[in-house]
Amino acid sequence: MIHSMKRGSARFLFSAIFLGILLLLLGLFVSTGIYSGVKFSEEKGMTKIYLERKRFFADQCQALSIEGKCLIIKEGGIYQLSGIMDDGQIIVDADKEEKITLKLDSVDITCKDSAPLFVKSADQVVIKLKKGSVNYFRDGSEYKEVADGKIQPRACIDSREDLKIKGPYGSLIVEGNYKHGICSSDDLKIKSGNIEIHAVNTALKGKDSVKIIDGKLVLDAGKDGIYSDQIVRLEKGQIAIKASRYGIFGRESLNFSTDCQVTIEGSLSPVAGNDFLALPESIQIIENSEPTDSKE
């Protein structure tokens, strides 16, 4: 009888310790906002991330971390994003040699005080729109102040590295309520996709270049539709631009292809060496009043 009671007490103690460990681990997962062990991924080499209003779920966590409401991607690879985030941010902060693909599968991300997607560091980032998906990004009208020495985003989708967007059968809708819609400090390339951008300042901005290889784009900008300090090149696709200042601005070079159908309600930036009287018939311009030069 005594031995039986001892065995029962031992089993009870073991069960209590085991339950305590489980609760502790669960508490750690809740505190970080990343839930692992849930196998969403069927594609080898791809990490799936699911957004659930205020939390992040992922099947692999070694390349991910959480700071406040921000999910940080720290290693190269393919990451699929889906779900809804009410107020959060995806940050890419990887080594300069890392290549990262963000596969968007019906994601809807709002960040009320910063950029919903902010690429701080990588070799390059590719945004791939999954077939049949509609993806939303929107920011607030004011961004929070960042600490000294940290980088301040300027756009709803903001990249300090080369940024490519592709996915002919997917859609991307961007609402840039703070400043720009999509911005890259290097090259911004759109290879395909159905893209709609509303921005209080510039819809598409690439410091070194903006290149549109193909796609269907609707750009509604409070100032400039497409802007680059160097090169703007439009090769193919259908582009509708409405801008209060410049429809397209390429400070050094502006190149059109006859395969690109463009309607611009705005003005065309003056670029030395370009004869705008010889523009292809595929470019239709509805000029507004004479704008001032853009340096922003």
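This dialogue walks through a few features of the structure above.

Trainee: What kind of model is this, and what pLDDT do local features need?

Mentor: It is a predicted model: local features need pLDDT of at least 70, side-chain atom pairs count only at pLDDT 80 or more, and totals for chains, interfaces and linings use all residues. Residues are numbered from 1 along each chain as its sequence is written, and side-chain values use heavy atoms, with hydrogens and water left out.

Trainee: Which strands pair with β14?

Mentor: Strands here are DSSP runs of E, at least two residues, numbered from the N terminus. Two strands pair if DSSP finds at least two bridges between them. β14 covers residues 171-176. Strand β11 (residues 134-139) pairs with β14 in the parallel sense, over 5 bridges. Within that pairing, Phe137 has Val174 as its bridge partner. Strand β17 (residues 194-199) also runs parallel to β14, joined by 6 bridges.

Trainee: How many residues of β14 are buried?

Mentor: Buried means under 20% relative accessible area, exposed over 50%, partly exposed in between, with a 1.4 Å probe and protein chains only. In β14, 5 of the 6 residues are buried.

Trainee: Is Leu217 buried or exposed?

Mentor: Leu217 counts as buried because its relative accessible area is 2%. Leu217 sits in strand β20 (residues 216-221). Contact means heavy atoms within 4.5 Å. Beyond its neighbours within four places in sequence, Leu217 contacts residues including Ile190, Ile195, Leu204 and Ile212. Leu217 and Leu172 lie 45 residues apart in sequence, with 9.6 Å between their C-alpha atoms.

Trainee: Which side chain does Ser209 join through a polar contact?

Mentor: A polar contact is a pair of N or O atoms within 3.5 Å; within protein, one must be able to donate a hydrogen and the other to accept it, and residues adjacent in sequence count only if both atoms are side-chain atoms. The side chain of Ser209 makes one of 2.7 Å with that of Asp187. Ser209 belongs to strand β19 (residues 209-212). At 1% relative accessibility, Ser209 is therefore buried.

Trainee: Why do side chains in a regular strand alternate in the direction they face?

Mentor: In a regular strand the side chains alternate between the two faces of the sheet.

Methods:
Helices (H or I, at least four residues) and strands (E, at least two) are DSSP runs, numbered from the N terminus.
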